Amino acid sequence: MKPEDGKKSLFSKLPSVEKLLVSTSCEPVTEKYGRDLTAKAIREVVECVRNDIRSGDEASFPENESAWMDKAGSLLSEWTAPTLKSAINCTGVVVHTNLGRSQLAGEALNAVMEASRAAVNLEYNLSSGCRGERDRHVEDLLIRLTGSEAATVVNNNAAAVLLTLNTLSNGREAIVSRGELIEIGGSFRLPEIMSQSGSVLREVGTTNRTHLHDYESAITGSTGVILKAHTSNYRVVGFTCAPGLKELSGLARKTSVPLLVDLGSGTLTGLDRFGLSTEPTVSATISDGADIVTFSGDKLLGGPQCGIIAGRKDLVDKIRKNHLKRALRCCKLTLAGLSATLRLYLNPADAIDKIPTLRHLSREIDQIKGTATEVSTILKKFFGGAAEIFPIHDISRAGSGALPEVDIKSVSVAIRHKTISPDELADWFRKLDTSILGRIEDDLYRLDMRCIDSPDQIGVIIEGVTPPP
Ligand SMILES: *Cc1c(COP(=O)(O)O)cnc(C)c1O
C-alpha cells in the first residue's frame, strides 16, 4: 500500500461528531460538561487528528471511542480550568505586582464575601430610604486615618492621578520636576497619564536638582496644578536637591495653585518602628500641606486594588463630580474589602497583626529564621540525599515601588540539587499544583521565608508529591 492510500483510509475512519456524542464513553463527559461544549471539544479533537494525518503523523489516531473521548475530556478539563491560581510567594518581594500585590486580612475576606452574596446598601441610605453615596462606606474612615477633609476612591492609583489631573488641570499646565517624571512597571508613565488627562506637562528643574524658584518661575495664569510624584522605583543620589513638601506647599498657598502629591504606596502607619523609615505616611503628607494626596489601596496599605484620593474638601467634591469618576469607580467588593481593612487600622496593633502585608513586612528576623529552619527540615526529608538544603541570610524588598532600594534583612531556604540546575528546580516548584515561587541568586535557588506564616504552607503542597528525578 502506498502512503497516500494509508492516509485516505485513515481519513475515512475518522468518526463523525454525532456518532461520538451518542457513544457510551461520551455519557459521563456530556453529563459533566453539557452537550454543546462536549460537541465543540469532539469537533476540535477530530480536526486535530485530521491535521495530524495530513502532516503524516498517524500515531495520534485513537484506537476506539473511549480513546477519542479521553482526548475530548482532556481538552474540556483544560478549557474549564481556572487560569487564576493561588501561589506561595517566596520571592522575597512582599508586595509583588505580578502576584496580585496585597493578600487581604481575614476580616476583609469576610466582608468581600458578604458583599458579594447579598444585596447591599452600596448607594442606598437605609435610614432615609433615599439614594446614597458609595464613598460613604470608606470616607469617614479615610478622613480619620489620614487627617484629610474628604476622600474618594477609584479603581487604582493610576486612575486616581488621571482623574485628579483631569479635574484640576484639564487644558492647563501641570508643573512637575524633571527628577520625578516617573515610569512605574506595567505602563504607568507620568507624561502619558498627563496628556491623557488633558493637562499640559510643564517640566521644571533638572534630573538631579530642582529648586523652589524653578517651580515659582513656572507658575503663570495657565497653571492648573503642581504635581509632586513619589520616585517609587528609583533613587536619585549624589548632587541632588528638591524643595521639601512644606516649602512647596507654601508656594502653592501663596499662588493659590493646588499641590497634588502622588504618593504611590501611601502608608497609613509609620513604618519606622520596623526600621523602614523612608516611606512618608499619608497623614504627614497632608499635614505638610498637600492639597490632594493619591495612593494605592493594594500596596503598603494592604487592601484590595483601588486608588485613594484624599485632601481638601472643595477639591475632592470637584473630583467626585467629574464624569470620568463614573468610568473609574470601584465596585462593592472593593469597597467592602477596603472598608474592612481600614477599620483594622483604627487599632494599629490589630492592623500590624492582621493585615498580611504589614505582618510580613514587620516580621522579626528570628521568627523568619525559625520558619526557615522548619521548612529546611521538611524539604530535607522530602528531597532525601538528592539536595543540599540550608537556611541562608537574604534580602527582601517591599516591592511595588514602596521603600525603593531599601534592603530588608530576611532568611531564605537555599536548595542546591545534585542533578538538576537552579533553573530546573525553579521550574519544578512553579509547576506544582499550588506553585511555590522562589528566586535564583548567585546561582542558588532560594525560597524567602518572610511571607511564610507557617511551615505547613509548604508542607501540605509537597505532601504526596514525587521529588524531581
Ligand atoms: C504604583 C504607583 C502608581 C500606580 O498605582 P496603581 O495602583 O498601580 O495604579 C502611581 N504612582 C506611583 C508613584 C506609584 O508608586
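## Loop, helix and core in a predicted model

Asp442 has a relative accessibility of 69% and therefore counts as exposed; the classes are buried (under 20% relative accessible area), exposed (over 50%) and partly exposed (in between), computed with a 1.4 Å probe on protein chains only. The model is predicted, so local features need pLDDT of at least 70 and side-chain atom pairs count only at pLDDT 80 or more, while totals for chains, interfaces and linings use all residues. Residues are numbered from 1 along each chain as its sequence is written, and side-chain values use heavy atoms, with hydrogens and water left out.

Asp442 sits in the loop between strand E14 (439–441) and strand E15 (444–448); helices (H or I, at least four residues) and strands (E, at least two) are DSSP runs numbered from the N terminus. The phi of Asp442 is near 50°, a positive value in a residue other than glycine. Asp443 lies in the loop between E14 and E15 as well, and its phi is near 60°. Most residues other than glycine have a negative phi.

| Residue | Relative accessibility | Class |
|---|---|---|
| Asp442 | 69% | exposed |
| Asp443 | 62% | exposed |
| Cys48 | 46% | partly exposed |
| Cys241 | 25% | partly exposed |

The structure holds 0 disulfides, a disulfide being a pair of cysteine sulfur atoms within 2.5 Å. For Cys48, the nearest cysteine sulfur is that of Cys26, 17 Å away.

Helix H6 (residues 106–117) has 12 residues and should span 16 Å at 1.5 Å a residue, which agrees with the 17 Å between its end C-alpha atoms; the expected span is 1.5 Å times one less than the number of residues. Ala108, Ala111, Val112 and Ala115 are buried in H6. Because these buried residues fall within an arc of 100° seen down the axis, they line one face of the helix; the arc is that of the directions from the helix axis to the C-beta atoms. They pack against helix H15 (332–345), contact meaning heavy atoms within 4.5 Å.

An automatic or database assignment divides the chain into domain 1 (3–80), domain 2 (87–94 + 362–462) and domain 3 (103–354). The C-alpha centres of domain 1 and domain 3 are 55 Å apart.

The largest nonpolar core has 54 residues, and Val153, Ile226 and Leu342 have the most contacts inside it; such a core is a set of buried Ala, Val, Leu, Ile, Met, Phe, Trp, Tyr and Cys residues joined through side-chain atoms within 4.5 Å. H15 supplies the largest share of this core, 5 residues. Domain 2 and domain 3 both give residues to the core, so it lies between them.
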